[in-house]
Amino acid sequence: MMRTPNAYAIAVRKADGTIVNTAARLPKWSDKYPMLKLPVVRGGALLVQSMGLGIKALNYSANEAFAEAEQAEEVKVALSPAVIEGEGDFAGLTGAVPGLFPVPTQKRSTDELKKGTTGAAVGSIIFALIFNVLLFVAAPLLLTNALFIGAGWATTPAAVTAPAPETAAAPATEPEQQAWYTNAWSTVRTYLHPVRPSVAFNLIDGLIRMTFFLIMIFSFSLIKDIGRVFQYHGAEHKTVFTWEAGLPLTVENARIQPRQHPRCGTSFLMVVMLVAIILFSVIKFDSLLLNFLIRIALMPVVAGISYEIIRLSAKKESSWIFKLITRPGVWLQNITTQEPDDQQLEVAIEALKESLKLEPQTGEPVPALLS
């Protein structure tokens with residue numbers, strides 16, 4: 001999938017070697033809702049839109065991948081009338097019953113992006129949000145809270161320590177009188193005692209969150225299908241580099257380009273991690289539940305601030321500030337992008353060409369692309 005400032009296009013190579021594509025102009029949410037033009041707010045809106053486009057791209061590619069299988073099934077069913085005509089040898093191949101005409105059970109739309117993708121996209125986004133909240137907000141917060149209590153680092157108003165072992169003065173029979181789940185719940189409550197987040201607290205919380213993210217990305221890269229997605233990711237970057245260099249969009253020109261791009265969404269995610277550490281250190285409560293809820297409520301703000309940072313720094317890509325901000329994301333792209341083959345480059349070039357066709361012909365150069 002390639003996205004230009006005003007349009008996007010998706011290209012897919014089918015099993016027979018042909019490339020199919022679909023393209024459309026991006027909806028201008030800011031024209032309908034002027035508030036979305038405001039700094040910070042526009043970053044959150046762009047993130048939601050990008051998630052929806054990504055899911056639509058996956059749905060479209062999956063539908064095209066299975067289209068030939070569906071067509072093969074339709075061909076088999078189409079042979080059924082031959083049984084009626086006396087060519088009974090086809091019956092064993094098609095499973096047809098003499099005297100019955102084939103009736104199509106479903107039809108494929110000519111535009112897969114408009115075929116039930118809205119509901120699927122919304123459902124996928126909701127699932128992704130819940131999964132990310134549990135993995136990258138709830139789990140790091142609880143683990144950091146437990147770590148500070150267990151290590152005795154908790155400060156007021158939650159200056160507590162982990163439960164101490166039984167003393168000699170305590171009755172020997174008391175532990176035996178308590179059920180195991182009572183002791184377990186008591187221990188859990190101790191470690192869930194709220195710790196007021198400090199800079200050190202949020203730094204460790206951020207490191208745990210980043211560790212989860214790196215483990216997840218690396219684990220995904222070991223999956224064959226995801227590895228192929230990462231190859232297409234590299235093809236997209238090479239194609240963007242080719243276009244930005246003013247070179248003809250050919251496989252030969254794209255092949256020699258680097259696959260790590262500083263304006264990739266991966267760099268954006270790394271900036272999000274860093275902004276979250278700072279923002280969560282400023283806005284904090286003495287309640288574990290409130291700290292959890294405020295982290296969720298501030299997610300659009302974190303995304304918006306991160307977008308503004310990337311946007312401002314991208315205006316001077318040669319500056320040391322931009323290079324410093326995007327360097328972690330460039331390093332991470334060694335995992336999230338893989339070296340593509342020539343056929344994958346052809347698909348990426350096709351997508352960019354189709355997307356550029358929908359850009360307004362003003363005579364001015366198209367702004368820098370965000371991969």
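**Figure 1. Overview of the predicted model, with 15 helices and 3 strands.** The structure shown is a predicted model. Of the 371 residues of the protein, 34% count as buried. The protein exposes about 21,200 Å², and carbon and sulfur atoms supply 66% of that area. Among contacts between residues at least 6 apart in sequence, 72% join residues at least 24 apart. The close-up views that follow show single sites in this model.

Figure 2. Ala57 counts as buried because its relative accessibility is 11%, and the cut-off for buried is under 20%. When neighbours within four places in sequence are left aside, the contacts of Ala57 are with Met1 and Ile10. Ala9 can also be located in this view: its C-alpha atom is separated from that of Ala57 by 8.8 Å. Along the chain, Ala57 and Ala9 are 48 residues apart.

**Figure 3. Close-up of a nonpolar surface patch that includes Leu192.** Four residues make the patch: Leu142, Trp185, Val188 and Leu192. Its area is about 360 Å². Leu192 is found in the loop between α7 (180–191) and α8 (199–221). With a relative accessibility of 36%, Leu192 counts as partly exposed.

**Figure 4. Close-up of the salt bridge between Arg209 and Asp205.** Side chains of opposite charge can pair when their charged atoms come close. In the whole model, the count comes to 10 salt bridges. In the one shown here, the side chains of Arg209 and Asp205 meet at 2.3 Å, N to O. Both residues lie in helix α8. Arg209 and Asp205 are 4 residues apart, about one turn of the helix. Arg209 is buried, and Asp205 is buried too.

**Figure 5. Close-up of the salt bridge between Glu339 and Arg259.** The side chains of Glu339 and Arg259 meet at 3.6 Å, N to O. Glu339 lies in the loop between α14 (320–336) and α15 (342–357), and Arg259 in the loop between α10 (251–255) and α11 (265–282), so this pair ties together parts that are 80 residues apart in sequence. Glu339 is partly exposed, with a relative accessible area of 41%. Arg259, at 18% relative accessibility, counts as buried.

Figure 6. Helix α15 holds both residues. Glu354 and Lys357 are 3 residues apart, about one turn of the helix. Glu354 counts as buried, at 16% relative accessibility, whereas Lys357 is exposed, with a relative accessible area of 56%.

How values were computed
Residues are numbered from 1 along each chain as its sequence is written. This is a predicted model: local features need pLDDT of at least 70, side-chain atom pairs count only at pLDDT 80 or more; totals for chains, interfaces and linings use all residues. Side-chain values use heavy atoms; hydrogens and water are left out. Buried means under 20% relative accessible area, exposed over 50%, partly exposed in between (1.4 Å probe, protein chains only). Contact means heavy atoms within 4.5 Å. Patches are made of residues with over 30% relative accessible area and no salt bridge: like charges are joined within 9 Å, nonpolar side chains (Val, Leu, Ile, Met, Phe, Trp, Tyr) within 5 Å. Accessible areas come from the Shrake-Rupley method with a 1.4 Å probe; for residues, only the protein chains shown count as cover. Helices (H or I, at least four residues) and strands (E, at least two) are DSSP runs, numbered from the N terminus.
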